[in-house]
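Let us take a walk through a protein structure together.

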Amino acid sequence: DHAAGHHDRMSMEERLQALEAEVARLKAQPALDRVDGGLRARSADGSSRFRFFGRLQADYAFYRKDINDLGSGSELRALRLGARGTVAPGWDYKLETEVQTGQKVRVTEGYIAYTGLRNTRIQIGNLFEMYGLEEYASAVDVTFMERSAAIDTFAPDYNQGVALSRWGENWSLGVGLYGDTANNAQAKLNESWGGSARLVVAPRHEPGDTVSLGLSGYWRDKTDNTIAFSARPDSHVTAFKMVDTGAIANVETVTAITGEFSWVYQECSLQGEATQVRVNRNAGNPDAVFTGAYLAAAFTLTGESRPWDMQTATYGRPSPLGKAGVWEIALRYDTLDLNDTIAGVRGGQLETVTLGLNWYPNPLIRFDLNLIQARAEKDYDGNGTLDTDQPDIAQLRAQLSF
Amino acid sequence: DHAAGHHDRMSMEERLQALEAEVARLKAQPALDRVDGGLRARSADGSSRFRFFGRLQADYAFYRKDINDLGSGSELRALRLGARGTVAPGWDYKLETEVQTGQKVRVTEGYIAYTGLRNTRIQIGNLFEMYGLEEYASAVDVTFMERSAAIDTFAPDYNQGVALSRWGENWSLGVGLYGDTANNAQAKLNESWGGSARLVVAPRHEPGDTVSLGLSGYWRDKTDNTIAFSARPDSHVTAFKMVDTGAIANVETVTAITGEFSWVYQECSLQGEATQVRVNRNAGNPDAVFTGAYLAAAFTLTGESRPWDMQTATYGRPSPLGKAGVWEIALRYDTLDLNDTIAGVRGGQLETVTLGLNWYPNPLIRFDLNLIQARAEKDYDGNGTLDTDQPDIAQLRAQLSF
Amino acid sequence: DHAAGHHDRMSMEERLQALEAEVARLKAQPALDRVDGGLRARSADGSSRFRFFGRLQADYAFYRKDINDLGSGSELRALRLGARGTVAPGWDYKLETEVQTGQKVRVTEGYIAYTGLRNTRIQIGNLFEMYGLEEYASAVDVTFMERSAAIDTFAPDYNQGVALSRWGENWSLGVGLYGDTANNAQAKLNESWGGSARLVVAPRHEPGDTVSLGLSGYWRDKTDNTIAFSARPDSHVTAFKMVDTGAIANVETVTAITGEFSWVYQECSLQGEATQVRVNRNAGNPDAVFTGAYLAAAFTLTGESRPWDMQTATYGRPSPLGKAGVWEIALRYDTLDLNDTIAGVRGGQLETVTLGLNWYPNPLIRFDLNLIQARAEKDYDGNGTLDTDQPDIAQLRAQLSF
């Protein structure tokens with residue numbers, strides 16, 4: 001054949017040289033790092049990187065009604081697509097958007113990060129504020145389908161600002177200054193702004209042997225002088241907020257403090273957080289104080305441990321050891337108090353107990369079953385007496401994150 | 001030079017070994033499968049895959065007004081971007097979003113699929129219900145710019161649920177249970193839900209020699225007790241619905257049945273569908289029944305045949321044999337009856353005849369010209385007598401799908 | 001080991017042949033062209049290409065109020081993600097979407113381009129109209145954070161249509177016919193449509209030695225018979241329009257003409273544009289005429305020149321020569337007159353002086369500081385006398401574009 005004829009006319013030395021040149025050319029190209037449903041690539045020298053990522057959470061919830069209609073049904077809890085990467089040594093970025101019900105879309109993370117200083121990360125753009133253990137963990141990695149209402153009701157979420165994180169062998173610190181979320185429409189009013197910080201110490205964080213303690217706080221100037229807190233019963237398919245302060249007027253600032261702990265021993269894990277939020281009001285109105293707390297335990301039946309990441313001071317998802325995937329059971333008690341009688345706020349009290357069963361057939365897919373007993377006390381019909389609403393909830397999630 | 005000097009100090013055997021190691025390393029990297037405007041990649045062992053895809057449909061329509069203003073102009077009928085892939089053996093996914101006019105976005109497909117059973121696919125998430133031949137074909141592959149109003153007016157479209165498809169040598173079956181679309185805002189009401197199924201038999205499906213017969217049906221529980229059906233004149237640039245039942249009240253459930261057939265012989269193809277929809281009402285109201293049917297013929301001037309896919313039981317687009325691309329002419333008669341005098345619904349009757357000319361210069365791009373004569377009978381001015389509106393329509397589409 | 005044993009049984013000739021075959025297979029795969037935060041890939045023969053791109057602009061603005069509240073705060077000015085590529089020889093595309101505040105999204109560019117004719121590009125879809133020097137340059141490459149109100153107030157922006165561009169050694173011409181933007185909701189009214197054109201001559205365009213002169217014009221048929229022009233003070237975080245004609249009724253058509261020049265000498269550059277817009281009215285109403293002009297100078301402290309692209313007749317961003325990145329200072333005077341007393345339009349007059357400092361640490365990231373003195377004259381309180389509002393503005397941007 002032609003190629004063989006061509007080879008005949010080349011010495012073995014020439015052929016080797018040609019091959020060496022070809023292989024050098026191939027090695028000098030950018031390369032794919034990983035294809036696992038998503039895509040990761042890097043420049044030949046590794047100084048630039050690109051990753052395409054996404055997530056999907058398809059939820060189905062069934063509500064046994066007690067007093068209030070919750071509305072059984074389905075929800076695409078999250079569909080996110082985005083890109084992240086390294087533009088040049090020391091310069092990272094992340095661009096992530098989420099499609100929401102009602103044909104809306106929001107920016108979740110959209111930032112530039114400077115990583116040129118050791119164990120330090122400076123971010124600018126739309127960020128998830130570094131606040132709380134369960135909050136700052138990725139929503140695809142938390143143990144239950146929904147984060148605990150106790151903390152999530154008050155957490156600052158995604159806001160546009162600038163943040164600094166530093167970490168060491170056994171500690172992690174995040175601080176930031178933030179305006180409002182990038183998704184809000186513009187107003188003539190000066191934007192609400194605030195700061196938040198989180199410090200976590202993890203004296204031990206070996207695989208299967210982790211202990212952490214942390215403290216988060218935030219302060220926010222409410223330029224519109226109003227705030228409202230409300231919560232669903234640890235289930236998001238319903239639109240109904242079982243507890244709800246309604247708009248609180250004459251608000252100057254809001255401050256909050258949250259304590260966290262976690263403990264992982266082999267297949268077992270335990271974590272809890274407690275928060276106190278103070279709404280500081282002007283014009284002689286009394287401040288309003290709200291509280292919440294949760295305690296959660298999890299156990300993997302298949303031997304895996306929850307992995308700790310010291311940089312972010314959060315847990316990731318367990319990665320399957322065997323072909324059966326990870327099977328995990330979990331139990332949580334979650335309580336939230338949105339009443340402050342002195343301030344005249346009667347948002348109600350919420351307690352939930354959640355039994356969770358999670359299956360991770362592979363590192364990128366997860367199925368959750370959550371059985372929830374909720375109990376809320378609030379004057380729903382406005383007749384001046386407290387009503388007790390105790391719906392039962394069964395909810396399922398199919399999740400993908402790559 | 002330096003490299004040559006380095007080579008002098010290595011034996012030919014050493015150089016061969018070095019090359020073999022380098023080539024093994026290159027082969028062990030993930031690789032690109034295809035770049036054709038889009039991008040496909042796979043892990044080195046092929047067990048994981050990633051594909052980035054998109055589509056664009058830019059439409060321009062000119063309406064010769066008869067009675068009603070239709071509003072000549074342009075529309076970006078679809079701009080979709082998304083990713084699909086294989087996360088691990090047996091686990092596929094697809095995440096696709098579409099930008100819509102009015103600065104909205106919707107999830108079209110967002111699902112996880114289990115493919116670990118032979119000739120079987122189980123999907124969970126937001127899905128296109130498997131219903132009807134033209135409906136279940138991709139919108140970028142149907143012969144005319146718009147699917148036939150006869151069927152499309154009633155088709156269930158994208159909804160969140162769980163579905164199973166199985167197929168054999170000569171048949172394909174799809175069944176599913178679905179809630180509402182993931183794009184709808186949440187409500188306290190229990191979500192509307194239903195089921196649909198489609199069975200298709202194709203005794204012959206060689207290239208250029210295909211015959212298929214199929215039956216689809218659906219059932220839906222309308223928890224909001226209301227439904228409305230309406231249709232444009234097989235042209236989507238206009239916002240005007242030429243036939244429209246308005247909201248039908250006291251609806252319990254809606255059921256529909258659709259029969260389909262197709263026949264391809266070399267460059268020729270013929271397909272048709274007929275549907276009957278029954279709106280089952282409560283409170284003593286009579287049921288409403290609506291019908292529709294279309295018949296379409298197509299002929300490629302350049303020799304290509306429409307390719308059949310047995311798994312989905314749909315036709316793909318013809319792929320060009322020569323440099324001229326595919327040139328295709330097509331004719332369709334489409335009729336829809338939204339009147340039911342017994343039930344007191346006077347939605348109107350619509351008939352269209354469409355002459356289509358399609359050019360596919362390459363496998364990913366397509367230009368369509370549709371000339372439509374529409375005829376609708378409905379009491380548009382509300383004076384109690386039927387009006388006959390007969391607009392003529394010329395519409396163009398530039399389409400990309402990769 | 002096993003591999004060595006395998007090699008022992010193969011002759012050197014056999015091993016060479018095996019390697020040659022492997023390398024040929026690797027070379028026949030599609031390949032990554034570039035990973036620099038984004039991703040570019042091509043088919044093995046280079047005939048098809050894919051690029052994933054994005055941009056982020058995170059802005060922070062502080063307004064010293066004079067008369068009107070402007071609302072200090074932050075804005076994610078742009079988060080765009082998209083893909084572009086070559087589908088087949090001669091056929092390009094671009095699909096780009098932008099997330100906006102208020103949880104909306106719009107299509108910026110969504111088009112198919114035919115590039116099969118020499119020095120010619122024919123586009124169909126949603127396009128940025130080719131109009132004006134600063135307008136037609138990419139928003140990530142203009143010198144100041146916001147394009148000059150003088151021109152931007154009237155520029156046609158993104159619209160769906162068809163366009164032709166041709167260019168030669170020293171000239172570039174763009175002409176197009178456009179309907180309305182693809183992001184507008186549909187209406188029964190015939191769509192507004194129009195045409196625009198731009199001709200630019202650049203007798204010299206060497207690096208560091210460029211001179212250009214150009215003329216743009218547009219004509220638009222306003223089918224809704226109304227138009228409004230308004231402008232912010234060259235700062236977009238605020239929602240407040242300092243000058244605003246309000247809706248002008250009885251509009252038939254709008255025509256505009258804009259002259260442009262630019263001059264680059266080594267680190268220095270100068271550019272300016274002037275526009276006149278005529279609102280042609282019916283029903284005996286006098287036409288309204290508005291004008292605007294700006295002059296801008298820039299100087300890079302680090303030696304780079306602004307690069308000219310003859311095809312689009314626009315400037316790109318300077319690319320860093322050294323490790324410090326590009327440091328650039330710039331000054332602009334921008335003036336806009338939205339008054340026409342004969343036509344009875346009192347939109348106001350706006351003047352701004354902007355001092356800009358830009359830092360490009362690498363080719364894909366940029367930080368801007370703009371200090372603006374604005375001066376607007378308009379009857380804000382509606383008491384019949386002109387008010388003069390002179391806010392001072394400091395604004396910052398962190399920008400990524402890959």
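We begin with chain A as a whole and then turn to pairs of charged side chains.

First, some ground rules: this is a predicted model, in which local features need pLDDT of at least 70 and side-chain atom pairs count only at pLDDT 80 or more, while totals for chains, interfaces and linings use all residues. Residues are numbered from 1 along each chain as its sequence is written, chains are lettered from A and ligands numbered from 1 in the order in which they are written, and side-chain values use heavy atoms, leaving out hydrogens and water.

Chain A holds four helices and 23 strands; here helices (H or I, at least four residues) and strands (E, at least two) are DSSP runs, numbered from the N terminus. Its C-alpha trace spans about 100 × 50 × 45 Å along the principal axes. Of the 402 residues in chain A, 55% count as buried. Buried means under 20% relative accessible area, exposed means over 50%, and partly exposed lies in between (1.4 Å probe, protein chains only). Among the contacts in chain A with a separation of 6 or more, 60% come from residues 24 or more positions apart; a contact means heavy atoms within 4.5 Å.

Now for the charges. Chain A carries 40 positive and 52 negative side chains, where Lys and Arg count as positive and Asp and Glu as negative, with His and the chain ends not counted. Across all chains, a search finds 84 salt bridges, each being a side-chain nitrogen of Lys or Arg within 4 Å of a carboxyl oxygen of Asp or Glu. In chain A, a network of salt bridges links A:Arg80, A:Glu96, A:Glu98, A:Arg106 and A:Asp157.

Are the partners in a salt bridge buried or partly exposed? In chain B, B:Asp69 and B:Lys65 meet at 3.3 Å, N to O. B:Asp69 is partly exposed at 38% relative accessibility, and B:Lys65 is partly exposed too, at 43%.

B:Arg332 and B:Asp234 also form a salt bridge, with their closest N and O atoms 3.4 Å apart. B:Arg332 sits in strand 19 (residues 326-340) and B:Asp234 in the loop between strand 12 (230-231) and strand 13 (243-244), so the pair ties together parts 98 residues apart in sequence. Both B:Arg332 and B:Asp234 are buried.

Finally, look at chain C, where C:Asp59 and C:Arg397 form a salt bridge of 2.7 Å, N to O. C:Asp59 and C:Arg397 are both buried.

Note on methods
The place of a charge is taken as NZ of Lys, CZ of Arg, CG of Asp or CD of Glu.
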